[in-house]
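This briefing is written for someone meeting the structure for the first time. Please look over the sequence and the model, and then read the notes below alongside them.

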Amino acid sequence: RRQFPTAQLFVILRDPTERSLSRFREVVLHSRRQSHPDVSLKEYMASRLAATQQCLQEAHGLLSKEVDCAFDDNVFGWSLYDIWIRHWLQHFPKEQITFIWSHDLGTRPLEVLHTIEKKID
């Protein structure tokens with residue numbers, strides 16, 4: 001923020017469940033290429049969600065630790081948008097951040113582009 005104090009951030013958010021499932025599929029495909037045993041979504045959820053939940057409980061509401069917990073699991077943790085949004089808001093005022101749902105970008109692109117144009121004028 002010091003280098004770009006008037007920067008406008010545009011954050012495109014995907015449905016968190018869709019984002020997690022897509023990332024999981026990517027991880028599974030990558031692990032197959034690496035000759036690792038396949039893991040089912042159910043198995044992954046059983047191991048990683050429990051670990052992420054425990055990590056978040058142990059963070060005791062401390063945002064920096066919650067960010068670490070979310071960052072450690074790039075399948076589900078990166079879909080914990082509330083943590084990431086609170087983190088960004090520590091560094092940028094809310095007036096400098098525009099959140100855009102990817103669905104809106106796909107279904108109403110002109111409306112979204114007009115919103116972006118207004119922010120950068």
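Arg23 and Glu26 both belong to helix α1, where 3 residues, about one turn of the helix, separate them. Their side chains meet in a salt bridge, with a nitrogen-to-oxygen distance of 3.1 Å, and this pair is part of a predicted model, in which the structure holds 5 salt bridges.

**Salt bridges**

- An α-helix has 3.6 residues a turn, so residues three or four places apart point the same way.
- Side chains of opposite charge can pair when their charged atoms come close.
- Glu26, found in helix α1, counts as partly exposed because its relative accessible area is 46%, a value that falls between the limits of 20% for buried and 50% for exposed.
- The C-alpha atom of Glu26 is separated by 9.3 Å from that of Val75, although the two residues are 49 residues apart along the chain.
- Asp82 forms a salt bridge with Arg86, and the closest N and O atoms of this pair are 3.9 Å apart.
- Asp82 and Arg86 are separated by about one helical turn, because they lie 4 residues apart in helix α4.
- Asp82 is partly exposed, with a relative accessible area of 46%, and Arg86 is also counted as partly exposed, at 34% relative accessibility.
- Glu66 joins Asp82 and Arg86 in a network of salt bridges.
- Arg108 forms a salt bridge with Glu111, in which the closest N and O atoms are 3.0 Å apart.
- Arg108 is partly exposed at a relative accessible area of 36%, and Glu111 is likewise partly exposed at 46%.

**The disulfide**

- The structure holds 1 disulfide, which joins Cys55 to Cys69 with an S to S distance of 2.0 Å.
- This pair links distant parts of the chain, since Cys55 sits in helix α2 (residues 41-59) and Cys69 in helix α3 (residues 63-72), 14 residues apart.
- The torsion about the S-S bond of Cys55 and Cys69 is about -80°, and the disulfide is therefore left-handed.
- Which of the two cysteines is buried, and which is partly exposed? Cys69 is buried, with a relative accessible area of 2%, whereas Cys55 counts as partly exposed at 27% relative accessibility.

- The buried residues of α2 are Tyr44, Thr52 and Ala59.
- His60 follows α2 and lies in the loop between α2 and α3.
- The phi of His60 is positive, at about 50°, although this residue is not a glycine.
- His60 is exposed, because its relative accessible area of 71% is over the limit of 50%.

**Two buried loop residues**

- Ser79 is found in the loop between α3 and α4, and at 10% relative accessibility it counts as buried.
- The side chain of Ser79 reaches the backbone oxygen of Pro16 at 3.1 Å, and a polar contact of 2.6 Å joins the side chains of Ser79 and Arg19.
- When neighbours within four places in sequence are left aside, Ser79 is in contact with Pro16, Arg19 and Ser20.
- Gln96 is found in the loop between α4 (81-91) and β2 (97-101), and this residue is buried, with a relative accessible area of 10%.
- A polar atom of the side chain of Gln96 lies 2.6 Å from the backbone oxygen of Ala7.

**Confidence of the prediction**

- The protein averages a pLDDT of 89, and 92% of the residues score at least 70.
- Confidence is lowest in helix α1 (residues 16-33), where the mean is 82, and highest in helix α5 (residues 102-107), where it is 96.

How values were computed
Residues numbered from 1 in each chain as written. Predicted model: local features only at pLDDT ≥ 70, side-chain atom pairs only at ≥ 80, totals over all residues. Heavy atoms only, no water. Disulfide = S-S within 2.5 Å. Buried < 20%, exposed > 50% of the residue type's maximum accessible area, 1.4 Å probe, protein only. pLDDT = per-residue confidence, 0-100. Polar contact = N/O pair within 3.5 Å; in protein donor to acceptor, adjacent residues only side chain to side chain. Contact = heavy atoms within 4.5 Å. Salt bridge = Lys/Arg side-chain N within 4 Å of Asp/Glu carboxyl O.
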